Amino acid sequence: MTRVLAVTARARYPETWLDNLLEKLDLGGDVEVRVLAAKRPKPAFDAEFAVMPPLPKPPKVEPAPRGLGARVWSRVTGSRPTPPPAPEPAPAPKLRERLATWCREDDRPVELAQWADVVVAMDDAACRSVWELGRRVEGTVFVNRAARVREALEAERVDVPAPTPPAGPDAADATMPPIADGPARLLIAPANYAGQAHAWARAVDAHVPGAAAQNFKDRRLLHPYPADLTVDRRRFQGDLGWRRAWREHVLATYTHVIVEAGLPVLGESVMPLEHVVAELRDAGLRVALLSHGSDARIPSVHAANERWAQYDGMDAAWVRQLEHSSRRNVEVYTSDPGPVFLSTPGLLEFVPNGTWLPLVVDVDRWHSDEPVLERERPVVAHAPSSKQKGSHHIDPVLADLDAQGLIEYRRVQGVPIEEMPQVFGTADIVVDQFGAADYGVAACEALAAGRTVVSHVSPGVRAHVRAETGLEVPILQADPETLRDVVLGLLADREAGRAAARDGRAFVEAVHDGRRSAEVLARWFENSAPTAVPEHGPSPHTK
């Protein structure tokens, strides 16, 4: 049995907290977990919690005595003398500071650390506390991330059971299909948001002679889109044997790698993004970075520049984490000497050295023969797939128009992706988003379906697309203040809506069918012939 002491400064716990901890540890066999916490969890977990004692209440501060003159109006000025201010109590120390002090001075945390085989900091705020315990206890392994526990124990020659076998029907198959040999062999990994990595790979296969591409996805990113290889989360995080073999496969097979969204491409690791990129380049590979959106869209900057940014209605802790991660990613994106691809042109605001890599949609799959704006009561669809779409602005307007009998409002939620072409293809108008001031996959899919698309797209995005393609973005402009008028205008002038739908279909065929994206990647291949092309031979990760 492996004994783990998890140290956390959390004040709130999701219900899946303990399950996520065990999954990250992935130690196999029996694991006994005790938790050293700043606050007791709600709801309760089936684990032993040692909770830091509460902070004593501050002593009551008596108000300063007031003399008689403080209670009598002044006959000269007509005002009351100001009494001296009462002293304020000192602010209470933060949870992380109190937890660190407890670990430095109390005996109970030391007893638990001596009991454990490994002590792990579960969050950044707990790292100082684990460091304090490490100074006081010998013979115990101290780790600052749960995903590193197995590696640390094995390095200390601690006997650890084999990782838990991955679950799922395809979990046992963790090998990449063979890739066609050629001067350029591209890997795009590990996000595959909205299936885009897979779509870009297929665009390379179809439109770049002598090049081949594959994509890989970590199953922790739960998006039901096709990928050349999907690896179970437990294997990706905890199976060191698989990770070593995967690294060898990447270095031996590919000439080019695109790292998506700053995520680990060689297996779960705490290694900084720039170190991973350096390792790949040192092996002779050509590496590009790619931003999908939120990984580079800094909330504070976007909110300052964009009136309809939607962060106010989101979870504050999530926004703070997004602020931190996006700033860190942008720092790497803007300093990296290699190319940085951007899936949407609006990201140029944050990564001005980036290159737009247009999104790709299967135009034939989304094609619809349904007429547009011919029903007396048109169907207006909105798919709130992201909190940044501003659905709380969109819903009231469309619901009110529906209640008046002017439109039929379809709020599309929980629909499998394979059914979305039917959903969009039977609508007249698709209202996309207000928060990003950009256009993404959903808008392209609705345009490919020949629908009239209404959304908020910034002038900068429209200007960049016009400069790159010579075409106007055929999305009708709206924001929360103008949405009602735009929809009513389409009801009054239906031919204008039909013309926008026709332009939209032509725009997607010209810009987002994969050919233009393949051209962007082909230029990179031509300008970055590897100086030391890895030998392309048999690999443990090739079937």
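## A positive surface patch

Arg 12, Lys 39, Lys 42 and Arg 320 form a positively charged patch on the surface. Patch members have over 30% relative accessible area and no salt bridge, and like charges are joined within 9 Å. Lys and Arg count as positive, Asp and Glu as negative; His and the chain ends are not counted. Each charge is placed at NZ of Lys, CZ of Arg, CG of Asp or CD of Glu. Accessible areas come from the Shrake-Rupley method with a 1.4 Å probe, and for residues only the protein chains shown count as cover.

Arg 12 sits in the loop between strand 1 (2–8) and helix 1 (17–25). Helices (H or I, at least four residues) and strands (E, at least two) are DSSP runs, numbered from the N terminus. Arg 12 is exposed, at 69% relative accessible area. Exposed means over 50%, buried under 20%, and partly exposed in between (1.4 Å probe, protein chains only).

## Basis of the model

This is a predicted model: local features need pLDDT of at least 70, side-chain atom pairs count only at pLDDT 80 or more, and totals for chains, interfaces and linings use all residues. Residues are numbered from 1 along each chain as its sequence is written, and side-chain values use heavy atoms, with hydrogens and water left out.

## Salt bridges

Side chains of opposite charge can pair when their charged atoms come close. A salt bridge here is a side-chain nitrogen of Lys or Arg within 4 Å of a carboxyl oxygen of Asp or Glu. The count comes to 31 salt bridges. One of them joins Glu 48 and Arg 108, at 3.4 Å from N to O. This pair links distant parts of the chain: Glu 48 is in strand 3 (residues 48–51), Arg 108 is in helix 3 (residues 107–115), and 60 residues separate them. Glu 48 is partly exposed at 36% relative accessibility. Arg 108 is also partly exposed, at 32%. Both residues belong to a network of salt bridges that includes Glu 32, Arg 34 and Glu 111.

Arg 307 and Glu 481 meet in a salt bridge with an N to O distance of 2.5 Å. This pair, too, links distant parts of the chain, 174 residues apart. Arg 307 is in the loop between helix 10 (299–305) and helix 11 (316–335), while Glu 481 is in the loop between strand 17 and helix 17. Arg 307 is exposed, at 59% relative accessibility. Asp 513 pairs with Arg 515 in a salt bridge, their closest N and O atoms 2.7 Å apart. Asp 513 is partly exposed at 24%, and Arg 515 is partly exposed at 42%.

## Two buried loop residues

Pro 480 is in the loop between strand 17 (476–477) and helix 17 (483–492). Pro 480 is buried, with a relative accessible area of 16%. Beyond its neighbours within four places in sequence, Pro 480 contacts Trp 308, His 393 and Phe 434. Contact means heavy atoms within 4.5 Å. Trp 308 is 172 residues from Pro 480 in sequence, yet their C-alpha atoms are 8.0 Å apart.

Phe 350 lies in the loop between strand 11 (340–342) and strand 12 (355–356). Phe 350 is buried, at 6% relative accessibility. Leaving out residues up to four places away in sequence, Phe 350 touches Ala 296, Arg 297, Ile 298, Val 301, His 302, Val 330 and Thr 334. His 302 is 48 residues away along the chain, with a C-alpha separation of 8.8 Å.

## Helix 15

Helix 15 (residues 441–448) is mostly covered, with seven of its eight residues buried. These are Val 441, Ala 443, Cys 444, Glu 445, Ala 446, Leu 447 and Ala 448. They pack against helix 6 (196–207), helix 12 (363–366), helix 14 (420–425), strand 15 (429–431), strand 16 (452–455) and helix 18 (494–511). Gly 450 follows helix 15 and has a positive phi, near 75°.

Ala 189 and Pro 190 are joined by a cis peptide bond, with omega about -5°. Pro 190 is in the loop between strand 6 (184–189) and helix 6. Asn 192 lies in the loop between strand 6 and helix 6. Asn 192 is not a glycine, but its phi is positive, near 60°. Asn 192 is buried, at 0% relative accessibility.

Ala 194 is found in the loop between strand 6 and helix 6. Ala 194 has a positive phi of about 55°, although it is not a glycine. Ala 194 is partly exposed, at 26% relative accessibility.

Notes. Patches are made of residues with over 30% relative accessible area and no salt bridge: like charges are joined within 9 Å, nonpolar side chains (Val, Leu, Ile, Met, Phe, Trp, Tyr) within 5 Å.
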